[in-house]
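Biologist: Could you take a close look at one part of this model for me, and then show how it connects to the rest?

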Amino acid sequence: MDDLARFLSSAMLQTLVTTLPIVVIVYVLIRRLIRDFIKGQQRSRYDDAKHEAVLSELRASYEHRIADLNREMVATRDRWEDANHLIITGQRNQRLTPSNNAVDVEGFLKPYGLDPKQIEVDADKIFVLTPFSSDERGVYEAIKSVCTAAGFVVVRGDERRADGDILPQIIEGIISSRIVIANISSRNPNVFFELGIAMALGKPTLLLSDTLSEVPFDVQSRRIIVFKSTDELRERLTTALLQTVRKV
């Protein structure tokens, strides 16, 4: 029995001596693979964040340029007609046919994958239409502070990431909100397009602008909250918001 025990012990020791280096090597390789994988994941997240930051900066830069151009192009009726003369000429050749048909909301929303029957209006939600430019951040913060103080949740189109076209997300935000506030100070075409959708859907809307001298003539007939500073904006928006809530 002693000889058998010694033989088994010797065999186990020999096996351990033989396999231990292999186990160590495998362990080291696995640790290295895991470490490299984690580093790769961290690097990927960093690259994604860096890429998103660059795109955000480019978008803000282009929004700023577009805002300056829009202020010049649509400041007066003559300038607006000059910028859109092809559209105006084409429309003059079209026959106007009166129609009593209501807006086909479902037909309009269908291409965007939206069903108005499936979207509930949140009585505590306000959707803000505003350029993504950093120049308008102070105005947005003022709007948000007033609405939040009044007990509303404020949402803007770029606060949630969306894959592909962001427009369906914005339209859904408009439909599901109780009130829509549009900052038209920089004459941003996206804001006006989204504002048109909100009006077509019958949403109560509040228009804000830092001047009336450059407001496009086709919206001058609507009530516009004019402000020279964010403090003045907070004061006037508070009053207008209260009046709108009472009417809704």
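**The sheet and its surroundings**

Modeller: Let's start with Val-121, which sits in the loop between helix H4 (105–109) and strand S1 (helices, H or I of at least four residues, and strands, E of at least two, are DSSP runs numbered from the N terminus). This is a predicted model, where local features need pLDDT of at least 70 and side-chain atom pairs pLDDT 80 or more, while totals for chains, interfaces and linings use all residues. Residues are numbered from 1 along each chain as its sequence is written, and side-chain values use heavy atoms, without hydrogens or water.

Although Val-121 and Arg-178 are 57 residues apart in sequence, their C-alpha atoms are 6.3 Å apart in space. Leaving out residues up to four places away in sequence, Val-121 touches Ile-175, Ser-176, Ser-177, Arg-178 and Lys-203 (contact: heavy atoms within 4.5 Å). Across the protein chain, 70% of the contacts between residues at least 6 apart in sequence join residues at least 24 apart.

Now to the sheet itself. It is open, with 5 strands in the order S2-S1-S3-S4-S5 and parallel pairing (two strands pair if DSSP finds at least two bridges). Strand S2 (153–156) and S5 are at the edges with a single partner strand each, so one side of each has no neighbour in the sheet. On average, neighbouring strands are turned by 25° against each other, direction ignored.

Helix H8 (residues 230–247) lies across S1, S3, S4 and S5 and runs at about 165° to S4. Its residues Leu-233, Leu-237, Ala-240, Leu-241 and Thr-244 are buried (under 20% relative accessible area with a 1.4 Å probe, protein chains only; exposed is over 50%, partly exposed in between). The buried residues of H8 pack against S1, H5, S3, S4 and S5.

Back in strand S4, look at Thr-205. Its relative accessibility is 14%, so Thr-205 counts as buried. Not counting residues up to four places away in sequence, Thr-205 touches Val-180, Leu-195, Ala-198, Met-199 and Arg-222.

That leaves the nonpolar cores (buried Ala, Val, Leu, Ile, Met, Phe, Trp, Tyr and Cys joined through side-chain atoms within 4.5 Å). The largest has 21 residues, and Phe-127, Leu-129, Ile-171, Ile-174 and Ala-182 have the most contacts inside it. Two or more residues of this core come from each of S1 (122–129), H6 (167–175), S3 (177–183), H7 (189–200) and S5 (224–226). H6 contributes the most, with 5 residues. Apart from this core lies another of 20 residues, including Ile-126, Cys-147, Leu-206 and Phe-227. As for Leu-129, its contacts beyond four places in sequence are Ile-174, Val-180, Ile-181, Ala-182, Asn-183, Val-191, Glu-194 and Leu-195.

Stepping back, the protein chain has 8 helices and 5 strands, and buried residues make up 30% of its 248 residues.

Technical notes
Axes fitted to C-alpha atoms, helices over the stretch in contact; angles between N-to-C directions.
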